[in-house]
Structure formats: structure tokens, C-alpha cells
Amino acid sequence: MKRKYFLNLLLGLNPEKNKPFNTKKAVLVEMLEKVINGEKLNTIDEYKLVQCMNVSALTGKLEEFYSISSCVTENDICKHRATNCNSICHDCYAMQSVSYRTNLELSLLVNHIVLNCFDISVGAWKTLAIPSINGKARLESHGDVASVQASDNMAKIQLSHDHLTFGVWTKNYGFWYQTFKKYGKPENMIFLVSSDKKNSVVELPEHIRPYVDHVFTVYDFETVKANNVNIQCGYHHCKDCMRCYTKGNTEFYINEILKKDTKKYKKYMGIE
Ligand code: SF4
């Protein structure tokens, strides 16, 4: 669970440079020390941790959406994938945006530590205010689950907010599989597995397939043109589309045009 690593990371942060973050940091340090010393967290402790969580207002394609995300720069699996030049993660937008925006990175770091280091009850997660757009919200816009503890907590967030529908993206479906075996798949979850290579659909193992609502793949313009790939994503906002947040949408494969090829694609398709 890397609790000692995160404790040392927090203690090493400059309190002068990161003043707005100091209150949350104090809570995290206190709780990490408790669990490292073998103490059990009580209900008040869990509430305090939940109140540290940051729900982000998103921009760009996801404008008007809110998201709870962990931190890509603290995810060893994401970092490892990013070193593979054949992986879509080699050009990870989240990794780039988090690395140059300190406040964003600190907010996501707080989420990352809470999600990965503590087992928080459904009752405590109920106290987290999650704004939504028409009852829809996003999990993991700037990261991916890094442990079963994180997917367990994210499942409990969904169970505690059963009036909302959550779109959840992952490449780390192995963690989610363990969570589904424990708690079942939340009714209000739309589960998307992202292909880790451009122009190539991920092959899903049989055991995870029944849980997956959509497979999400990014294509470049040349491949779209050569193979007449059906593109549903990348040229409009999620709020005007909602494919990935709608229960009962049976399109299994959802394909996005590569961000840098969007203009070319729109021109080719005659989309204004
Ligand atoms: S397909 Fe639609 S809802 Fe899904 S990510 Fe793309 S724009 Fe958003």
C-alpha cells in the first residue's frame, strides 16, 4: 500500500510553498501514522479523510463534468506504460497536465493517498458532495486505479451515490475484477476499458468481459480513412453525446479520433 512512502512524501513537502494544502496534509499525516502503527480508524477519522477529497470541475471535451481522480504521476503502472513508445500512454495528456500544474497535482495526490491507503466505508463516502451534470459523473479523468484498495473505494463511492451514474475508464481492469468479485459491479457504473495501443482494440480476457460496457480505442486519421473506422468520439463534448454515461447503450466499441487529427477528420467528414 506504500503508506510509509506516502507519509515521507507528505512530510517532505514544503509547508510554505503549499500553504492551502497544509490542513489536508495534516489530516493525511495523522491518519497514515495511525494505520502504520496498527490502529484502526474510527468513523470520525473516515469522515475527515473523505472531506479531504477533491472533486474536480473538468474542461475541454469534458466541460461541465465533475470527476474524482487519482494521480497519474503516482501510479507505477501508468508510469511504466508511459515508457513504452508503442503504448497510447507514451503521449499521456494527464501525465503532462498534472506535471506542470502543481495545485492540480497536489489535489490529485490527496485523492490518490486516500483511495489507495485507507479502507473507507460506504457510510463515510456518503458524506462526499459530488456535483453532476444531469446525474452523470466521471471517475478517473487524470489517472487510473493503482491498487485493489483504490478500486474498492471507488466502488464504494458509487454505491454510496446510487442516484448518480458514473463513467469509469481503466486499463488496469485486473484491480476492478477483484473488486467486482467482492462487491459485485455497482448498478450505476458504466465500465470502460481503454485499449492501450493506438489503432488496436484491446483483447479482453474472458473473465472480465461480462463486466465491460465499452471498449474505448483511439485511432489516427490515416487508419480511420484506410479502414473506414466508425468514429463516435473526439469531435464533440461529452455533455452533447453522453454515450459513455448512458445505461443501456449497447455499442460495445467506442472509437475516438486522435486529438491532433481532429481537424483533419472533421474536414474529411464535413463536420463543422
Ligand atoms: S463517446 Fe461521447 S460520452 Fe464518450 S468520451 Fe466520447 S464524447 Fe464523451
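Analyst: Helix axes are lines fitted to C-alpha atoms over the stretch in contact, and angles run from 0 to 180 degrees between N-to-C directions. Helices (H or I, at least four residues) and strands (E, at least two) are DSSP runs numbered from the N terminus. This is a predicted model, in which local features need pLDDT of at least 70 and side-chain atom pairs count only at pLDDT 80 or more, while totals for chains, interfaces and linings use all residues. Residues are numbered from 1 along each chain as its sequence is written.

User: How many helices and strands does the protein have, and what is its radius of gyration?
Analyst: The secondary structure comprises 11 helices and 7 strands. The globule rule (2.2 Å times the number of residues to the power 0.38, for a radius taken over C-alpha atoms) gives 19 Å for 272 residues, so the protein is as compact as a globular protein of that length, with a radius of gyration of 19 Å.

User: Which orientation do H1 and H2 have to each other?
Analyst: The axes of H1 (residues 3-11) and H2 (residues 22-36) come within 10 Å and cross at roughly 150°. Angles under 35 degrees count as roughly parallel, over 145 as roughly antiparallel, 65 to 115 as roughly perpendicular and the rest as oblique. H1 and H2 are therefore roughly antiparallel.

User: What is the handedness of the crossing of H2 and H3?
Analyst: H2 and H3 (residues 43-52) pack with their axes 10 Å apart at an angle of about 140°, which makes H2 oblique to H3. A crossing is left-handed if the near helix is turned anticlockwise from the far one by less than a right angle, and right-handed if clockwise. The crossing of H2 and H3 is left-handed.

User: Which residues of H3 meet H2?
Analyst: Two residues are in contact if their C-beta atoms, placed from the backbone, lie within 7 Å. On the H2 side the contact involves Lys-24, Val-27, Leu-28 and Met-31, and on the H3 side Asp-45, Lys-48, Leu-49 and Cys-52.

User: What is the angle between H8 and H9?
Analyst: H8 (residues 148-160) passes H9 (residues 173-183) in a right-handed crossing, and the two are oblique to each other. Their axes lie 8 Å apart, at an angle of about 50°.
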